[in-house]
Amino acid sequence: MRVLSTMAVLTAILFISFSSCKSKDKTSGSSKDVLAVNLDTLTSARADFFQYANGGWIKENPIPGEQSSWGIGNLVIEENLRRLREIAEKASDSKPEKGSAEQKIGDFWATAMDSTKIEKDGLSPLKSLLDKVNNITDAKSLLTTVAELKKAGSSTLFLILLRRMTRTAR
């Protein structure tokens, strides 16, 4: 929950930064408002206000083939992911002080990128939690398991229901 709140705040800050910054007009060299730069002035605002207001941005930022839509929010997310990857890769490549945040980030990244070990291990790291889900028999064991899975950062009820359904479908 805290991660989602942090991401929402970061997204809002970046959105405000993007929307309030000034960009250089390519023709005159003067500063122009980002919104004005992205207008489609070839379209009449009375005839098609959406095209007038958004046409310039749409022309310069086509929807990527693998996406169903595209907007400033997507650009903010892409930039956040790029920065997070840079931080993680830098932490993984450096030799930080043991126990530091940078060392933990680097170790986490290196572990996540070790696809050979991940494939070899399969679901075995989750076996104890999956066993607890399989052993739910009453409300008390359900609540205990939900609490434990929540501590691990899981969307517990969905996972429990999914696991129970797949187990009974066999």
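1. A salt bridge is taken here as a side-chain nitrogen of Lys or Arg within 4 Å of a carboxyl oxygen of Asp or Glu. By that rule Asp121 is bridged to Lys117, with 2.7 Å between the closest N and O atoms. Both residues belong to helix α6, four residues apart, and therefore about one helical turn separates them. Helices (H or I, at least four residues) and strands (E, at least two) are DSSP runs, numbered from the N terminus. Asp121 has a relative accessible area of 22% and is partly exposed; Lys117, at 44%, is partly exposed. The classes used are buried (under 20% relative accessible area), exposed (over 50%) and partly exposed (in between), with a 1.4 Å probe and protein chains only.

2. On the basis of the note: this is a predicted model, in which local features need pLDDT of at least 70 and side-chain atom pairs count only at pLDDT 80 or more, while totals for chains, interfaces and linings use all residues. Residues are numbered from 1 along each chain as its sequence is written, and side-chain values use heavy atoms, with hydrogens and water left out.

3. Confidence. pLDDT is the predictor's confidence in each residue, from 0 to 100. The protein chain has a mean of 81, with 72% of its residues at 70 or more. A contact means heavy atoms within 4.5 Å.

4. Overall make-up. The protein chain contains nine helices and two strands, in the order α-β-β-α-α-α-α-α-α-α-α from the N terminus on. Of its 170 residues, 17% are buried. Among contacts with a separation of 6 or more, 21% come from residues 24 or more positions apart. The accessible surface is about 13,400 Å², and carbon and sulfur atoms account for 62% of this area. Accessible areas come from the Shrake-Rupley method with a 1.4 Å probe; for residues, only the protein chains shown count as cover.

5. Helix α3 (residues 49-60). Gly55, Gly56 and Trp57 are buried in this helix, and the buried residues of α3 pack against α4. Aromatic pairs are rings of Phe, Tyr and Trp (its six-membered ring) with centres within 6.5 Å; planes under 30 degrees apart count as stacked, over 60 as edge-to-face and the rest as tilted. One aromatic pair is counted by this rule. Phe49 and Tyr52 form a tilted pair, because their ring centres are 6.1 Å apart and their planes stand at 40°. The two residues are three apart in helix α3, about one helical turn. Phe49 is exposed at 55% relative accessibility, whereas Tyr52 is partly exposed at 22%.

6. Helix α4, nonpolar side. Ile77, Leu81, Leu84, Ile87 and Ile105 make a nonpolar surface patch of about 440 Å². Patches are made of residues with over 30% relative accessible area and no salt bridge; like charges are joined within 9 Å and nonpolar side chains (Val, Leu, Ile, Met, Phe, Trp, Tyr) within 5 Å. Helix α4 (residues 72-93) contributes the most to the patch, with four residues. Ile87 lies in α4 and is partly exposed, at 47% relative accessibility.

7. Helix α4, charged residues. Glu86 and Arg82 form a salt bridge at 2.3 Å, N to O. These residues are four apart in α4, so about one helical turn lies between them. Relative accessible area is 45% for Glu86, which is partly exposed, and Arg82 is partly exposed at 38%. A network of salt bridges links Glu79, Arg82, Arg83 and Glu86.

8. A bridge between helices. In the whole structure, seven salt bridges are found. One of them joins Glu148 and Lys132, with the closest N and O atoms 2.9 Å apart. Glu148 is in helix α8 (residues 139-151) and Lys132 in helix α7 (residues 127-134), so the pair ties together parts 16 residues apart in sequence. Both ends are partly exposed: Glu148 has a relative accessible area of 29% and Lys132 one of 37%.
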